[in-house]
Amino acid sequence: DVLFFSRAGFHRQHGRHTGGFGMKGMIVKLSLAAVVLLICTLSLFFSSTGTSNIQSSYRSEIRVEELWSNADSGGWRPSSAPRTHWPPPPNESNGYLRVRCNGGLNQQRSAISNAVLAARIMNATLVLPELDANSFWHDDSGFYGIYDVEHFIKTLRYDVKIVESIPENQKSGKKKKIKAFQLRPPRDAPISWYTNDALKKMKEHGAIYLTPFSHRLAEEIDNPEYQRLRCRVNYHALRFKPHIMKLSQSIVDKLRTQGPFMSIHLRFEMDMLAFAGCFDIFTPQEQKILKKYREENFAPKRLVYNERRAIGKCPLTPEEVGLILRALGFDNSTRIYLAAGELFGGERFMKPFRSLFPRLENHSSVENSEELAENTRGLAGSAVDYMVCLLSDIFMPTYDGPSNFANNLLGHRLYYGFRTTIRPDRKSLAPIFIDKENGRTAGFDEAIRKVMLKTNFGEPHKRVSPESFYTNSWPECFCQTSAKNPADKCPPNDILNIMNDELEKTETHANSTIS
């Protein structure tokens, strides 16, 4: 067993005071005070060294030339390999786990990571996750059409057993298919639900089918190794199919021929605008469309545009995005790749943005070919946008609240080497934009810069709710070569060899038992 150092510091134990009020009592009090002071000092030391070298203060100024480089890592590097004893999956599992991952590409990506962790927790054999593409993208390509299945199974061989389908059960000379018992997991279910409720049904039936499986496992888990497994799935095992990777790289290479480029997730789309309840800037006919979409897809809620806008609940308009970039010092030579679906309201909202930044591209304008048309439908198109945004020099989400695309990319870019992100604080920016609309324009750019100076540009930083683990996996999935806190120390370079030896021993033992 490996002992963990608690990040919260040491536990303080109090003994009963038995002395009087004389010299002896005074010595006891002074000794106790000295011990408490020592404990507080040590606790402060460990808590500070555990987060040493991370950005402790905001920037004093923003230099555009610096934003084109990766953010300051503070001595940290990505690492999701186990740091404590992590045995390979046992030869005998408790049964089969099937899941149906609903939602879009990135919601499914998080669900797949959770499914692998759930299988590990229950000592289950994971059946290749089902992607519910039909309900969201009208695309039935599934896991096989988007991800490299062989790579997925091979990468996770030290963590879980994965099969492409539930095999038939041989009983009394007859083959019979195991029927999975269907369960609906609670939202953000704790580990105990899987080790009790789900595992009980798995042992009874031999297999369980969890559906739907979006946000069905708690994100905040007090086990760093479990969190690192999520990172191994999300950032290593889930690799897109070769044709998607090749097409994405081709787009990036063509964009880079003229220097660095920025990608923007312009989330000014019908579903997000309807969700946010931001209707008043649209025509009566457009408002009717948005309200109808909201009634059909979201729960009823009192939404007042001015109130929503004032607290930053509305997606930034394309013009507002352009004004932020201009205030930060970007000029009209900046090359921008737009990752977005169909912008609601069309060209009249894009025109002000285009006048500020005319060098706008998307995957169709960069790579106009039959291959692109064939390989960017449905989930594949979202996958190409994802990879281009991941590899871009700067990434800017315009609505990272409930947007899985933006949130996953923020987390992946952090893990990919602290790649620069520009994250507008919509709540703090809202009154500045409202003032501008009301004719109060004095000091506009300076006010924008002042707000943005207090945001994170991709440096390692503490995760604070409501920030998701998939948006920020620091510190669990990062390490320091020269760490002062043992919990932050990088694993040995030969960790994969160690894990491979463990796996081979398990397999050898299984084979000798069979023979």
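How many disulfides does the structure hold? The structure, a predicted model, holds three disulfides, a disulfide being a pair of cysteine sulfur atoms within 2.5 Å. Residues are numbered from 1 along each chain as its sequence is written, and side-chain values use heavy atoms, with hydrogens and water left out. Local features need pLDDT of at least 70 and side-chain atom pairs count only at pLDDT 80 or more, while totals for chains, interfaces and linings use all residues.

On confidence, the protein chain comes out with an average pLDDT (the predictor's confidence in each residue, from 0 to 100) of 84, and 82% of the residues score at least 70. Residues 1-53 are another story: pLDDT stays under 50 there, and the model has 40 contacts (heavy atoms within 4.5 Å) beyond four places in sequence for this stretch. Where pLDDT is low, the predicted coordinates should not be read in detail.

Back to the disulfides: one of them pairs Cys 231 with Cys 477, with the sulfur atoms 2.1 Å apart. The torsion about their S-S bond is about 95°, so this disulfide is right-handed. The pair ties together distant parts of the chain, 246 residues apart: Cys 231 sits in helix H8 (residues 224-237) and Cys 477 in the loop between helix H20 (444-452) and strand E14 (478-479). Helices (H or I, at least four residues) and strands (E, at least two) are DSSP runs, numbered from the N terminus.

Next, helix packing. H3 (residues 105-122) and H18 (residues 404-415) pack at an angle of about 55°, with their axes 7 Å apart; axes are lines fitted to C-alpha atoms, for helices over the stretch in contact, and angles run from 0 to 180 degrees between N-to-C directions. That makes H3 oblique to H18, given that angles under 35 degrees count as roughly parallel, over 145 as roughly antiparallel, 65 to 115 as roughly perpendicular and the rest as oblique. On the H3 side the contact involves Asn 106, Gln 107, Arg 109 and Ser 110, and on the H18 side Asn 404, Phe 405, Asn 408 and His 412.

H3 also meets H17 (residues 379-391), the axes coming within 10 Å and crossing at roughly 80°. The two helices are therefore roughly perpendicular to each other. Leu 105, Asn 106, Gln 108 and Arg 109 of H3 touch Leu 379, Ser 382, Ala 383 and Tyr 386 of H17.

A cis peptide bond joins Thr 211 and Pro 212, with omega about -5°, and another joins Ser 465 and Pro 466, with omega about 15°. Asn 123, though not a glycine, has a positive phi of about 50°.
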